[in-house]
Amino acid sequence: MDKVSFSLEGQVALVTGASRGIGHDLVLALAAAGAHVVAAARHPQDVADLLAQVAAGGGSASAVALDVTDQASIDAAVAAVEAEHGRIDVLVNNAGLGFNHDALEVTEADWDQIMDVNLKGLFFVTQAVARGMVARGYGRVVHMGSQAGLVGIREHAVYSASKGGVDLLTKVLALEWAPHGVTVNTVAPTYAYTPGTAERLDDPAVAADVLARIPAGRFATTADIAAAVIYLASPSAGMVTGTVLPVDGGWTAQ
Ligand SMILES: NC(=O)c1ccc[n+]([C@@H]2O[C@H](COP(=O)([O-])OP(=O)(O)OC[C@H]3O[C@@H](n4cnc5c(N)ncnc54)[C@H](OP(=O)(O)O)[C@@H]3O)[C@@H](O)[C@H]2O)c1
């Protein structure tokens, strides 16, 4: 039997949206799994403490400037990482944003802001990184989706559309790149407490409503999410591609 390995020893991983929240903790987790992690952030100074934390834990990480809505920034970031490290083995498309609004109140600016980061930015970062992966015959792409891409959630029209788009993009890219050793999968979490969700979850009524809809009875943790990402990023997940893995405590099983 082939060796089963979830180790990322010797691999280069790029994580977008690393400045805070889930992305921040994914950098820690991927470094602990053995990867050299490039923490991509719009403002690299925002990850200085994170890099120090990785180093203090015996891991390896560096920073790169990346705004996923800016093609020149994408091209420069990918070129810089490939020049410094030779390749990118693992891409985690974590950068994303969302806010609640009644569908009748959504403006074109709201639509563009969310879509530009969550769907368009994710696609063009993936395209830029996958060129090298396909050429080298190996790669693991993991998108940060959401349970909101799988089921309807009130006041999430634009966010859900963006994450549903990510889910279908996952399948198309998986089909195109499977023959080249590149897998593409999505992790779809339920609510996790992060700077992006704190304002909503700090409202006791909102928190109670959300918890009532999670059969496991708790929010996801960044460790729950990191475990799924590491699995899909690992050498042993080579036959898993085009999937959406909910990390939702059963929300979408209902
Ligand atoms: N937390 C949850 O409950 C939850 C549940 C399901 C899915 N998700 C998904 O998980 C991901 C992370 O969520 P989070 O809760 O950790 O969010 P967060 O705390 O709001 O952090 C969002 C991250 O995305 C980055 N970002 C935003 N716009 C960007 C851009 N144009 N270019 C590059 N980076 C950009 C932010 O960087 P700056 O610091 O530069 O703004 C920040 O690092 C998102 O894709 C989100 O949709 C979250």
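Trainee: At 26% relative accessibility, does R87 count as buried, partly exposed or exposed?

Mentor: This is a predicted model, in which local features need pLDDT of at least 70, side-chain atom pairs count only at pLDDT 80 or more, and totals for chains, interfaces and linings use all residues. Residues are numbered from 1 along each chain as its sequence is written, and side-chain values use heavy atoms, leaving out hydrogens and water. Buried means under 20% relative accessible area, exposed means over 50%, and partly exposed lies in between (1.4 Å probe, protein chains only). With its 26%, R87 therefore counts as partly exposed.

Trainee: Which side chain meets R87 in a salt bridge?

Mentor: A salt bridge needs a side-chain nitrogen of Lys or Arg within 4 Å of a carboxyl oxygen of Asp or Glu. For R87 the N to O distance is 3.1 Å.

Trainee: How many salt bridges does the rule give?

Mentor: R218 and D224 form another, at 2.8 Å. By this rule the count comes to 3.

Trainee: Which side chain of opposite charge is nearest to D110?

Mentor: Lys and Arg count as positive, Asp and Glu as negative, while His and the chain ends are not counted. D110 is buried but has no salt bridge. The nearest side chain of opposite charge is 13 Å away, and it is R200.

Trainee: About how much accessible area do M1, V4, F6, Y231 and L245 have together?

Mentor: These five form a nonpolar surface patch. Patches take residues with over 30% relative accessible area and no salt bridge, joining like charges within 9 Å and nonpolar side chains (Val, Leu, Ile, Met, Phe, Trp, Tyr) within 5 Å. Areas come from the Shrake-Rupley method with a 1.4 Å probe, and for residues only the protein chains shown count as cover. One member, F6, is partly exposed at 45%, and the patch together has about 560 Å².
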